[in-house]
Amino acid sequence: MSSSSSPSLLLMKFPLLSTYPKAARLEMVICLSIETVFEFSLKSTPNPPQPITPTDNQLSLADIDTVKVIGKGSSGIVQLVQHKWTSQFFALKVIQMNIEESARKAIAQELKINQSSQCPFVVMCYQSFYDNGAISIILEYMDGGSLADFLISVKKIEEPYLAAVCKQVLKGLLYLHHEKHIIHRDLKPSNLLINHRGEVKITDFGVSAIMQSTSGQANTFVGTYVYMSPERISGERYDYKSDIWSLGLILLECATGQFSFIPPVLEEGWTNVYELMVAIVDQPPPSAPPDQFSPEFCSFISACVQKDPKDRQSAHELMKHPFITMYDDQHVDLSSYFTNAGSPLATL
């Protein structure tokens with residue numbers, strides 16, 4: 001027992017104790033001593049570190065440990081990392097780029113804009129760095145992987161779940177198009193990430209713009225022709241509605257389990273990218289088979305994949321489409337669906 005909680009000092013602090021019988025007095029002294037020790041332990045226990053938020057601007061590469069590689073692509077790798085002090089998990093995207101100083105400054109400015117993006121339907125950017133010819137971007141970690149990963153497991157996504165997914169993607173596009181004035185340029189299943197909470201978020205919206213604006217890099221990064229709109233392939237002027245074309249192709253692929261443009265010889269696939277690009281520009285737009293899907297879904301796809309962008313609906317208009325709300329009364333649970341369907345979510 002510490003001197004501060006000894007019987008004599010406690011009697012001085014609480015003089016009425018002397019009027020109690022000896023046994024009762026001893027019991028109260030013990031209780032008061034325990035309380036004193038408990039109060040001291042509470043005061044001496046340090047507060048746990050507060051979780052880092054995107055606006056803190058306090059992350060550095062030295063403060064994180066690599067757990068494992070969770071993705072690889074032509075532009076670089078994505079690692080699962082953990083912060084040393086808060087134990088938070090993040091995704092670290094590393095893009096190799098050997099560029100001139102002027103281009104590096106442009107990239108830094110673009111990344112700064114991305115870091116200011118705060119939307120629950122867009123993957124949060126916490127910090128970005130340019131060092132030794134590589135851009136390192138610390139991003140929010142989405143433990144379900146990408147929609148492309150999920151599709152490999154489930155093969156197809158039924159309409160009620162697809163409507164719930166689509167609603168979140170449209171809200172993300174509304175934010176990018178109307179609040180940040182950003183065209184994604186590379187919307188595809190692998191750039192839509194999911195997690196165990198049933199959230200769907202758009203990622204890589206800034207990196208595509210950066211790479212396209214950097215000389216010599218556009219063809220190597222932004223060239224995901226599979227989901228590219230006809231006006232972009234043709235080299236014409238394009239706007240936000242080029243992302244809507246991509247969204248339509250993504251949803252149709254999720255619903256049918258196959259890419260929307262079927263090659264002439266199915267077993268051989270597309271022999272080269274040029275052949276696919278010609279098909280996207282020259283062939284009629286794809287459509288959802290009316291004998292397999294609801295009229296609302298078929299109408300939604302048609303509204304997305306009009307060849308003339310003027311005829312395509314905007315994200316704002318599509319939010320009012322009947323397909324988006326037709327399953328609301330079913331209370332679709334994407335959290336359970338992502339967790340239980342297909343392969344388990346990403347683990348440590």
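1. The crossing of helices H5 and H9 is right-handed, and this, like everything below, is read from a predicted model. H5 covers residues 159-179 and H9 covers residues 241-256, and the two pack with their axes 12 Å apart at an angle of about 165 degrees. Since angles over 145 degrees count as roughly antiparallel, H5 and H9 are therefore described as roughly antiparallel to each other.

2. The residues that make up this helix contact can be named on both sides. From H5 come Leu 162, Cys 166, Val 169, Leu 170, Leu 173 and His 177, which meet Asp 243, Ile 244, Leu 247, Leu 251, Cys 254 and Ala 255 of H9.

3. Turning to the strands, S3 (residues 89-96) is mostly covered, with six of its eight residues buried. Strand S2 (residues 76-83) runs antiparallel to S3 and is joined to it by seven bridges, and strand S5 (residues 134-140) is likewise antiparallel to S3, again through seven bridges. As particular examples of the pairing, Leu 80 has Ala 91 in S3 as its bridge partner, while Phe 90 is partnered by Glu 140 in S5.

4. The hairpin formed by S2 and S3 has five residues between the strands, and in this hairpin Ser 87 adopts a positive phi, near 65 degrees.

5. Apart from neighbours within four places in sequence, Lys 93 is in contact with Ile 77, Val 78, Ile 135, Ser 136, Ile 137, Leu 139 and Asp 204. UniProt lists Lys 93 under "binding site", but the entry is unreviewed, and such annotations may be inferred rather than shown by experiment.

6. With a relative accessible area of 15%, Gln 79 is buried, and, once neighbours within four places in sequence are left aside, its contacts are Thr 66, Lys 68, Val 69, Ile 70, Phe 90, Ala 91 and Leu 92. Among these contacts, Phe 90 is the residue whose bridge partner in S5 is Glu 140, and Ala 91 is the bridge partner of Leu 80.

How values were computed. Residues are numbered from 1 along each chain as its sequence is written. This is a predicted model: local features need pLDDT of at least 70, side-chain atom pairs count only at pLDDT 80 or more; totals for chains, interfaces and linings use all residues. Side-chain values use heavy atoms; hydrogens and water are left out. Buried means under 20% relative accessible area, exposed over 50%, partly exposed in between (1.4 Å probe, protein chains only). Helices (H or I, at least four residues) and strands (E, at least two) are DSSP runs, numbered from the N terminus. Two strands pair if DSSP finds at least two bridges between them. Contact means heavy atoms within 4.5 Å. Axes are lines fitted to C-alpha atoms, for helices over the stretch in contact, and angles run from 0 to 180 degrees between N-to-C directions. Angles under 35 degrees count as roughly parallel, over 145 as roughly antiparallel, 65 to 115 as roughly perpendicular and the rest as oblique. A crossing is left-handed if the near helix is turned anticlockwise from the far one by less than a right angle, and right-handed if clockwise.
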